[in-house]
Amino acid sequence: MDALKVVSYGSATSYPDISRPIFGDKNLAKHSIPCNSLIKNKFSIPFRSSRPFHLNTRRRNSMSASTMAASITSVEEALPPALDSSSDPPAIFDGTTRLYISYTCPYAQRVWITRNCKGLQDKIKLVPIDLQNRPAWYKEKVYSANKVPSLEHNNEIRGESLDLIKYIDSHFEGPSLFPSDPAKKEFADELFSYTDSFGRAVISSFKEEGVNEETVAAFDYLETALSKFSDDGPFFLGQFSLVDIAYAPFIERFKPFLLDVKNYDITSGRPKLAAWIEEMNQIEAYQQTRQDPMELVEIYKKRFPAKF
Ligand SMILES: N[C@@H](CCC(=O)N[C@@H](CS)C(=O)NCC(=O)O)C(=O)O
């Protein structure tokens with residue numbers, strides 16, 4: 001893993017938060033930090049594995065020493081180009097574990113983040129697909145649902161992002177990304193169940209003028225949810241978990257889009273959500289999956305050409 005290098009390929013590179021200035025450069029000092037330093041040093045991850053975990057974050061020019069300590073690091077990989085209708089299929093079912101994604105798909109991004117967080121870059125090969133010019137073999141030979149993400153593992157293909165992040169967490173090595181505390185597990189289930197409703201509630205405003213009550217309530221729900229275990233840390237279950245991974249790709253898109261087209265700042269009056277975004281953006285395993293926010297805004301503008 002340490003041999004992996006920083007390489008951006010096409011649009012698949014990591015970007016800082018749209019609302020924050022870009023600090024630093026690409027010539028970053030690199031080192032690994034252990035799992036329990038994952039999220040700033042004060043928040044440990046008392047999940048079942050204590051295996052070392054490699055987290056990368058980007059060095060910034062103006063930072064406190066403690067933030068700096070957690071923010072310089074590490075493991076980046078060369079991202080392959082997306083396969084399109086002219087590309088040959090990989091050697092499907094040759095024993096290689098493959099994660100089929102699209103670089104711009106938030107569902108696929110959930111699984112990609114999970115794979116990175118568990119340090120599985122060498123064990124699970126990324127196979128990006130160009131959804132706009134999809135290879136026919138993907139539906140015929142890989143995943144008949146013809147969607148991403150899908151995971152090829154042990155001669156089987158599995159789909160559905162929430163199932164996949166749980167599957168990867170429980171069937172592969174690396175730090176556990178799910179708590180054992182029953183109260184946290186129960187809350188995790190509630191938050192997983194809410195993901196689709198959350199998305200629908202936010203998108204309901206994309207088709208009309210302004211930001212409706214349903215959308216506001218959805219972000220308020222997250223703000224309240226972030227209070228529940230806030231004594232343990234800034235994430236949904238206190239410690240970083242699969243729940244954060246389930247929401248991050250969507251917040252990554254909704255935040256810049258709502259700001260750009262509706263002048264609506266989802267963090268205004270929601271300090272816990274603002275802090276969560278800040279903390280998420282420090283996690284290199286996530287950073288490496290992020291796209292240019294303005295490209296994401298443009299994608300949404302095309303997809304929702306309604307009233308801005
Ligand atoms: N419920 C699925 C949704 C996956 C999904 O809709 N993926 C989109 C890309 S973001 C897709 O593959 N769309 C292709 C299509 O529907 O033809 C999951 O959570 O994995």
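For the residue classes used here, Ala, Val, Leu, Ile, Met, Phe, Trp, Tyr, Cys and Pro count as nonpolar, Asp, Glu, Lys and Arg as charged, and the others, Gly among them, as polar. Keep in mind that everything shown comes from a predicted model.

View 1. The shell is made up of Cys105, Tyr107, Leu131, Arg134, Asn146, Lys147, Val148, Pro149, Glu160 and Ser161. Sorted by class, that gives five nonpolar, two polar and three charged residues.

View 2. Glu160 uses its side chain instead, with a polar atom 2.8 Å from a ligand nitrogen. Over at Ser161, a side-chain N or O atom sits 2.7 Å from an oxygen atom of the ligand. As for cover, the ligand on its own would expose 510 Å², and the protein buries 71% of that.

View 3. The ligand takes up the space of the second largest pocket. This pocket has a volume of about 370 Å³. It is lined by 15 residues, and those closest to its centre are Tyr107, Lys147, Val148, Pro149 and Glu160. Helix H2 (106-117), helix H4 (161-171) and helix H5 (182-203) are the elements that each give two or more residues to the lining. Split by class, the lining counts eight nonpolar, two polar and five charged residues.

**View 4. A cis peptide bond beside the ligand.** Zoom in on Val148 and Pro149, both part of the shell around the ligand. The peptide bond joining this pair is cis, with omega at about 5°. Pro149 has its place in the loop between helix H3 (136-142) and strand S3 (150-153). Both Val148 and Pro149 also turn up in the list of residues closest to the pocket centre.

**View 5. Two asparagines with positive phi.** Asn146 is not a glycine, yet its phi is positive, at about 60°. Look for Asn146 in the loop between H3 and S3; it is also one of the residues around the ligand. Asn155 is another non-glycine residue with a positive phi, this time about 65°. You'll find Asn155 in the loop between S3 and strand S4 (156-159).

Terms used:
Residues numbered from 1 in each chain as written. Predicted model: local features only at pLDDT ≥ 70, side-chain atom pairs only at ≥ 80, totals over all residues. Heavy atoms only, no water. Near = heavy atom within 4 Å. Polar contact = N/O pair within 3.5 Å; in protein donor to acceptor, adjacent residues only side chain to side chain. Areas by Shrake-Rupley, 256 points an atom, 1.4 Å probe, with all protein chains shown as cover. 1 Å grid on protein atoms, 1.4 Å probe; cavity = no way out; pocket = protein on both sides within 12 Å on 5 of 7 lines; lining within 4 Å. Sits in = over half its atoms within 2 Å of the grid points. Points joined across faces, edges and corners; volume = space filled by probe spheres on them. Helix = DSSP H or I, 4+ residues; strand = E, 2+ residues; numbered from the N terminus.
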